[in-house]
Amino acid sequence: MSEKFELKVSDLRLICDPKIFKFKNTSEVKPLDTVIGQERAVEAIDFGLNMNDPGYNIFVTGLAGTGKSTIVKDLVTKHAKTLPTPNEWCLVNNFKDEFRPKAIAVSPKNAIRFSKKINRAIESLKKDLPEIFENETYLKKLSKIKNKYADRQHDLYEHLEIFAVKKNLQIEQTENDFQTIPLVDGQPITPEDFNTLPEKVKSEIEENLRSIQSEIESTAMEMDKNNLSLHADIEKLMDEYALSVVKKRLDPIKKEFKASEAIVVHLNAVQENIVENFNLFIPPDKGEPQPQGQTPQNAASSFLQYKINVLVDQESTKGAPVIFESNPTYYNVFGRIEKRAFMGTINTDFTMVQTGSLLNANGGFLIMEIESVIMNPYVWEALKRTLRTKCLQIEDIPEETGFATTSLKPEPIPLDVKVILLGSYEAFEIIQNEDPKFNKIFKVRADFDSEVDRTRGTIQQYARFIARVCKEESLLPFTSKAVAAIVEYGEKYVSDKNKLSIRFGPLLGVLKESDYWARKNKARQVTDKFVFKAFNEYRFRYSLYEQKMHESYLDDTIMIDVRGEVIGQVNALAVYQIGEFSFGRPARITAETYLGKQNVVNIERESDLSGSTHDKGVLILSGYLGRTFAQYYPLSLSISITFEQSYYGIDGDSASSTELYAIISSLSDSPIKQGIAVTGSVNQKGQIQAIGDVNQKIEGFFAVCKEKGLTGKQGVMIPQANKKNLMLKKEVLDAVKQGKFHIYQVATVEEGIEILTGVRAGKPNKEGHYPEGTVYGAVQGKLKKYYERSYKIKKALGDEEE
């Protein structure tokens with residue numbers, strides 16, 4: 001009865017024939033230079049890269065190991081080379097407000113040159129300015145100016161003296177003022193002599209003193225004006241000579257960078273500042289004390305105001321920049337303002353402003369991983385704000401600015417950058433649902449697939465990919481048989497005979513490990529033997545937990561029957577996942593049915609050991625039982641189902657059909673063959689639905705049967721829809737070929753119960769009755785007895801109440 005459902009050996013694995021390859025090893029193959037099976041993602045990325053409108057940033061999703069990071073970098077780098085190299089950026093001092101430094105755009109590959117020219121000009125001025133004020137021509141002009149005002153000063157003093165003589169007074173000039181001394185008979189008198197004079201003479205002298213005082217004040221004012229004019233003319237002379245020297249150094253730079261208005265404006269500001277403060281360039285005479293508060297550090301820092309802080313240098317960039325930021329902290333992305341400790345305070349200046357990856361990518365592309373972006377505080381919100389405003393503000397994080405910190409606010413820099421974020425489907429879904437601004441900023445989504453159709457073309461591309469890896473990683477060449485083994489690995493990784501895995505991360509690991517075992521055996525090329533060795537060694541390294549669990553089946557710590565028949569008991573199949581490693585093992589499911597109200601008791605649910613998906617699968621069983629057996633009278637029974645010896649959480653509905661078989665067996669008193677394990681979910685119509693990890697489940701049960709002894713009657717029953725997913729290992733294929741193990745496919749519950757019991761399920765007649773001698777006929781018979789007994793009990797209880 002079960003033979004018609006049994007799968008052939010050829011159905012259990014798709015073998016890749018090495019003869020389809022026309023090479024002995026991959027050294028004869030042209031390395032792959034295209035992307036395998038990612039047409040949708042590549043087209044989306046190309047669209048995003050070429051859309052220049054705001055908001056067309058790109059969000060790339062895909063499973064880990066699909067190569068999305070490598071592919072995105074390659075595509076973006078290739079596109080960036082076709083674009084012009086953007087401007088470089090410098091930060092310069094704002095001489096009007098030192099806390100608001102200015103940003104200057106410099107044409108590509110000129111920022112460093114501009115900075116060096118300014119530095120050389122300042123160093124030259126340190127020498128030129130002191131020398132110009134020792135120049136003979138300058139000294140002569142200075143002497144002439146001084147003599148001119150000295151003569152004027154002398155004339156004013158002489159005029160005052162003549163006026164004083166007429167008033168019988170003598171003028172003596174002190175350091176800060178004029179002193180008047182009365183004269184009697186041409187001789188100065190003392191205060192004591194003055195007191196002895198007649199009153200008339202004294203009054204005359206006092207009158208003379210009063211009259212000369214206004215003349216003294218007038219003369220003093222004229223002398224002060226004369227001194228101010230002297231200093232003004234000297235300052236003008238010094239400014240003229242300083243300006244001539246400064247222009248000599250700066251004019252060539254202005255001429256060279258005349259195309260940049262911002263640079264010319266800055267050089268004019270530098271010129272004006274140096275002329276106003278040329279004394280900074282004049283060293284004090286030897287032995288002359290430094291001005292109060294002036295230290296060597298202060299003197300050196302005075303020249304920092306003329307430096308150029310090159311934020312972005314495109315010297316080595318060809319085309320547009322492509323930046324991959326692996327650690328997107330706030331400062332790494334947006335830049336920072338560094339600080340220095342000085343005399344108990346924290347100071348900074350524009351030369352300590354450091355750029356971040358956003359500015360380095362300005363005019364080009366910035367690639368980051370969304371998980372890392374979200375993990376760093378402030379980055380996501382600041383990134384959205386920056387992309388919306390297209391303007392970068394380098395500033396401190398407010399929480400990190402102390403009270404004793406002098407901070408800056410550099411001029412915002414115009415930003416033209418396309419951001420590409422890499423992330424998982426889950427991250428994309430969460431951000432898209434929770435952040436309303438996300439879709440306005442990241443309008444392009446590129447989805448990377450994890451599998452590709454298995455065709456002759458993609459198989460050949462697999463070989464070319466292996467050739468590329470061998471070349472780039474310096475691996476030994478792989479033979480055609482080894483390549484065929486890798487292709488089969490790609491099929492099994494996705495559990496689909498019609499697909500190949502394009503998660504190249506794990507694939508790369510297999511290639512490197514196969515190369516390792518080949519080299520260890522001193523081989524000159526990697527054969528299929530070393531590929532299988534790599535598979536087996538990988539499994540051995542991760543299989544300790546699997547081995548310990550396997551031992552518990554052999555010593556009956558976990559009770560599993562693989563022989564005989566039992567009513568209400570079926571072997572289900574579960575999968576255990578440890579990172580990337582997974583394995584299958586059987587689990588006993590038992591069901592007990594008895595008279596009662598219609599109710600399915602899920603012991604796992606009552607014990608809080610089941611997940612919502614498993615609970616849903618159990619509830620579906622009630623729907624199937626009602627549809628099949630309760631069309632003419634209600635179900636009067638209770639059902640108890642459990643996974644025996646299960647002490648951890650259970651989820652998924654892949655055992656729902658198994659639970660249904662156990663219930664039907666219990667109701668029909670039909671024993672279940674314990675040598676056949678079952679997997680598959682079921683719907684209310686009784687159709688068996690596909691499940692995941694079918695290969696691990698089959699191989700897990702086979703391993704237990706093998707250790708307990710193969711009888712030729714053992715096997716696994718799977719959903720028909722999972723036939724295409726079969727990629728079983730050679731050991732299982734050999735057992736099936738020898739008739740020691742069997743794989744069955746079923747599409748309905750009825751087909752499954754026939755295989756498990758060896759008895760037909762039965763089909764109802766027009767009245768809905770199942771024939772005797774069938775499983776469903778037995779179920780219907782027992783349910784009818786339950787109903788009749790329940791009716792009698794209810795009636796008896798009703799009579800007693802009356």
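Which residues does Tyr538 touch, not counting residues up to four places away in sequence? Tyr538 touches Glu513, Glu580 and Phe581, where contact means heavy atoms within 4.5 Å. The model is predicted, so local features need pLDDT of at least 70 and side-chain atom pairs count only at pLDDT 80 or more, whereas totals for chains, interfaces and linings use all residues. Residues are numbered from 1 along each chain as its sequence is written, and side-chain values use heavy atoms, with hydrogens and water left out.

**Overall architecture**

- The protein chain contains 26 helices and 30 strands; these are DSSP runs numbered from the N terminus, with helices being H or I of at least four residues and strands being E of at least two.
- The chain is more spread out than a compact globule, because its radius of gyration is 48 Å, well over the 28 Å that the globule rule gives for 802 residues. The radius is taken over C-alpha atoms, and the rule is 2.2 Å times the number of residues to the power 0.38.
- Along the principal axes, the C-alpha atoms fill a box of roughly 165 × 85 × 50 Å.
- Of contacts between residues at least 6 apart in sequence, 77% join residues at least 24 apart.

**Surface and charge**

- Buried residues account for 46% of the 802 residues; buried means under 20% relative accessible area, exposed over 50%, and partly exposed in between, with a 1.4 Å probe and protein chains only.
- The chain exposes about 42,000 Å², of which carbon and sulfur atoms supply 50%. Accessible areas come from the Shrake-Rupley method with a 1.4 Å probe, and for residues only the protein chains shown count as cover.
- There are 106 positive and 111 negative side chains, and the centres of the two sets lie 11 Å apart. Lys and Arg count as positive and Asp and Glu as negative, while His and the chain ends are not counted; the place of a charge is NZ of Lys, CZ of Arg, CG of Asp or CD of Glu.

**Strand pairing**

- Strands of a sheet pair through backbone hydrogen bonds, either parallel or antiparallel. Here two strands pair if DSSP finds at least two bridges between them.
- Strand β30 (residues 741-746) is largely enclosed by the rest of the structure, because 6 of its 6 residues are buried. Phe741, Ile743 and Gln745 point one way from β30, while His742, Tyr744 and Val746 point the other way.
- Strand β29 (residues 714-719) pairs with β30 in the parallel sense over 6 bridges, and Pro719 has Val746 of β30 as its bridge partner.
- An open antiparallel sheet is formed by 3 strands in the order β4-β5-β6. Its edge strands, β4 (169-173) and β6 (187-188), each pair on one side only.
- Within that sheet, β4 and strand β5 (residues 178-184) pair in the antiparallel sense over 5 bridges, with Ile171 opposite Thr180 in β5.
- Strands β21 (residues 569-578) and β22 (residues 581-595) run antiparallel and are joined by 10 bridges; Tyr576 has Phe583 of β22 as its bridge partner.
- The hairpin of β21 and β22 has 2 residues between the strands, and Gly579 in the turn has a positive phi of about 65°.
- β21 is also joined by 2 bridges to strand β26 (residues 676-678), and the two run parallel; Asn571 stands opposite Ala677 in β26.

- Tyr538 lies in helix α18 and is partly exposed, with a relative accessible area of 28%. Tyr538 and Phe442 are 96 residues apart in sequence and 40 Å apart in space, C-alpha to C-alpha.
- Arg519 belongs to helix α17 and is partly exposed at a relative accessible area of 42%.
- Leaving aside neighbours within four places in sequence, Arg519 contacts Ser474, Leu475 and Leu476. The C-alpha atoms of Arg519 and Phe530, 11 residues apart along the chain, are separated by 9.6 Å.

**Positive phi in loops**

- Lys522, a residue other than glycine, has a positive phi near 60°. Lys522 lies in the loop between α17 (504-520) and α18 (528-542) and counts as exposed at 74% relative accessibility.
- Asp669 has a positive phi of about 55° although it is not a glycine. The loop between α22 (656-668) and β25 (671-673) holds Asp669, which counts as partly exposed at 44% relative accessibility.
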